[in-house]
Amino acid sequence: MKMVFLGPPGAGKGTMAVRVAEEAGIPHISTGDIFRFNIKNQTELGTRVKAILDSGELVPDSLTIELVQDRISKDDAQSGFILDGFPRTIPQADALSSMTTLDRVINFELNDEEVVRRLSGRRVHPGSGRTYHVLFSPPRVEGKDDATGEDLVQREDDKEDAIKNRLRVYREQTEPLIQYYRSRDMLVDLDSSPAPDTVYAALKALLNL
Ligand code: AP5
């Protein structure tokens, strides 16, 4: 199944995508993770996009579209994939529709207050990308990754000013995609405010997993 997970920052797209990808045996393709991997490894792409990610603005469409086109052409994506964080603009959605045919777009719904609560409490293990929340899914030892014992960090864009900017960018540039996909009869809404296991059960039912 070829899917897009759409929704505001912090709605739980990444958390759910990891679980669905494992259960369905398809790759989880997160443009945010790809950019952060490049930043961590100080590649040319990473150097170009670091300041953009830190501020919460969007990477230019041309760069992002090329990256996704290349990734979904790989062998492991031929029977399906989850796109998490792409598309984020109408030009990206138009480009995607010329690359492939999607089966489903899941619209993760969460209010701004909860977005801020989730993002400000998020902690990440930089080596693996594993994500925790200081209140909702804390690590066994405070500030340490469960598997490696290494330090957890706060993403630069999870600080207050960047969160506000990301929400503004989402409203202006990404939210119009809800109507874009709804009018094409491809969109399914998912209330992502309950606890993770409840959201996951609802998602599995939607996807017939
Ligand atoms: P990206 O990494 O895609 O960030 P995002 O969309 O803002 O999404 P997040 O990763 O912040 O949130 P999420 O919905 O995955 O939530 P999560 O599961 O982690 O993009 C980062 C940046 O890259 C962008 O700002 C932009 O600069 C650039 N970029 C990326 N794609 C681009 C594109 N297509 N075009 C241009 N630029 C692009 O959950 C959040 C927290 O909540 C976690 O702590 C988690 O443990 C907790 N949580 C999750 N679910 C629940 C629940 N049900 N109950 C309680 N807590 C929960």
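1. A polar contact is taken here as a pair of N or O atoms within 3.5 Å; within protein, one atom must be able to donate a hydrogen and the other to accept it, and residues adjacent in sequence count only if both atoms are side-chain atoms. The model is predicted: local features need pLDDT of at least 70 and side-chain atom pairs pLDDT 80 or more, whereas totals for chains, interfaces and linings use all residues. Residues are numbered from 1 along each chain as its sequence is written, and side-chain values use heavy atoms, with hydrogens and water left out.

2. Lysine 13 places a side-chain N or O atom 2.9 Å from an oxygen atom of the ligand. For glycine 10, a backbone N or O atom lies 2.9 Å from a ligand oxygen atom. At threonine 31, a polar side-chain atom is 2.7 Å from a nitrogen atom of the ligand. The protein buries 96% of the 1000 Å² that the ligand exposes when taken alone (Shrake-Rupley method, 1.4 Å probe).

3. The ligand has 37 residues around it, of which Thr15, Glu57, Arg88, Arg122 and Arg166 come nearest (a heavy atom within 4 Å counts as near). This shell divides into 15 nonpolar, 13 polar and nine charged residues, with Gly counted as polar.

4. Elements that each supply at least two shell residues include helix H1 (13-24), helix H6 (112-120) and strand S6 (131-133). Helix H2 (31-40) gives the most, with four residues. Helices (H or I, at least four residues) and strands (E, at least two) are DSSP runs, numbered from the N terminus.

5. H2 also packs against helix H3 (residues 44-55), at an angle of about 115 degrees and with the axes 8 Å apart; axes are lines fitted to C-alpha atoms over the stretch in contact, and angles run from 0 to 180 degrees between N-to-C directions. Gly32, Phe35, Arg36, Asn38 and Ile39 of H2 meet Leu45, Gly46, Val49, Lys50 and Leu53 of H3 (heavy atoms within 4.5 Å). Five nonpolar, three polar and two charged residues make up this contact.

6. Glutamine 42, in the loop between H2 and H3, has a positive phi of about 55 degrees although it is not a glycine. The peptide bond from phenylalanine 86 to proline 87 is cis, with omega near 0 degrees. Proline 87 sits in the loop between strand S3 (81-84) and helix H5 (90-99).
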